Amino acid sequence: MEKVPPTPVPVYDQQPEFYHHQPTAPPNAHVQSPVQDPHVMAAPQPYYHPPAGHPSGYNSATPLHALQRGPTPVDCPICGVREMTRTEAESGNTTHGWAAVICCCFCLGCIPYLMSSLKDYNHYCGQCGTMLATWHNSGRVEVHQNVRQ
């Protein structure tokens, strides 16, 4: 077997330069601070959060056909305001179906009417109070006809 001479490692004449950040003074560093006594601390100022992109504070609105059980911001087609909906539970077909089954099996048909998880939810506009849609416990959303779209 022949020995292969090792490849020489190239030698660089220049070492790589590293960038060292030099701290700089802010543009108005020469302006005197409003605090006269350096031992007295100024009262902290509360951080101001600018309002969100939409004047209502809700950046996005949920389409009426995509409403769920809980309140959510919507653009009301009646008054034109983006506002959080107000929801009210209502006994629907799912509630009545469960009541019938439980009544036949255990004679306790009133139990589903006491459970909010088995009820439908009506969504009302938080501004004008118009009923916009009903979320049925079956998963279907009924957008009401009096709503202009």
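These legends walk through several close-up views of a predicted model.

**View 1. Four strands side by side in an open sheet.** Welcome to the sheet, where the strands follow the order E3-E4-E5-E6 and the pairing is antiparallel. At the edges lie strand E3 (86–90) and strand E6 (141–143), each of which pairs on one side only. On average, neighbouring strands of this sheet are turned by 20° against each other, direction ignored.

**View 2. Strands E4 and E5 joined by bridges.** Here we look at one pairing from the sheet. Strand E4 covers residues 120–124 and strand E5 covers residues 131–135. The two run antiparallel, and 4 bridges join them. To find your way, look for Tyr124, which stands opposite Met131 in E5.

**View 3. A salt bridge between Arg82 and Asp75.** The count of salt bridges in this model comes to 2, and this view shows the one in which the side chains of Arg82 and Asp75 meet, at 2.8 Å from N to O. Arg82 counts as buried because its relative accessibility is 12%, under the 20% limit. Asp75, with a relative accessible area of 39%, is partly exposed.

**View 4. A salt bridge between Arg86 and Glu88.** In this pair, the closest N and O atoms are 2.6 Å apart. Arg86 has a relative accessibility of 37%, so this residue counts as partly exposed. Glu88 is partly exposed as well, with a relative accessible area of 36%.

**View 5. Cys79 and the residues it touches.** Start from the loop between strand E1 (73–75) and strand E2 (82–84), where Cys79 has its place. Leaving aside residues up to four places away in sequence, Cys79 touches Cys125, Gln127 and Cys128. Although Cys79 and Cys128 are 49 residues apart along the chain, their C-alpha atoms are separated by 6.6 Å. With a relative accessible area of 31%, Cys79 is partly exposed.

**View 6. A nonpolar patch on the surface.** Five names to look for here are Phe106, Leu108, Ile111, Leu114 and Met115, which form this patch. Together they have about 510 Å² of accessible area. One of them, Leu108, sits in the loop between helix H1 (93–106) and helix H2 (111–114). Leu108 counts as partly exposed because its relative accessibility is 43%, a value between the limits of 20% and 50%.

Definitions and conventions. Residues are numbered from 1 along each chain as its sequence is written. This is a predicted model: local features need pLDDT of at least 70, side-chain atom pairs count only at pLDDT 80 or more; totals for chains, interfaces and linings use all residues. Side-chain values use heavy atoms; hydrogens and water are left out. Patches are made of residues with over 30% relative accessible area and no salt bridge: like charges are joined within 9 Å, nonpolar side chains (Val, Leu, Ile, Met, Phe, Trp, Tyr) within 5 Å. Accessible areas come from the Shrake-Rupley method with a 1.4 Å probe; for residues, only the protein chains shown count as cover. A salt bridge is a side-chain nitrogen of Lys or Arg within 4 Å of a carboxyl oxygen of Asp or Glu. Buried means under 20% relative accessible area, exposed over 50%, partly exposed in between (1.4 Å probe, protein chains only). Two strands pair if DSSP finds at least two bridges between them. Axes are lines fitted to C-alpha atoms, for helices over the stretch in contact, and angles run from 0 to 180 degrees between N-to-C directions. Contact means heavy atoms within 4.5 Å.
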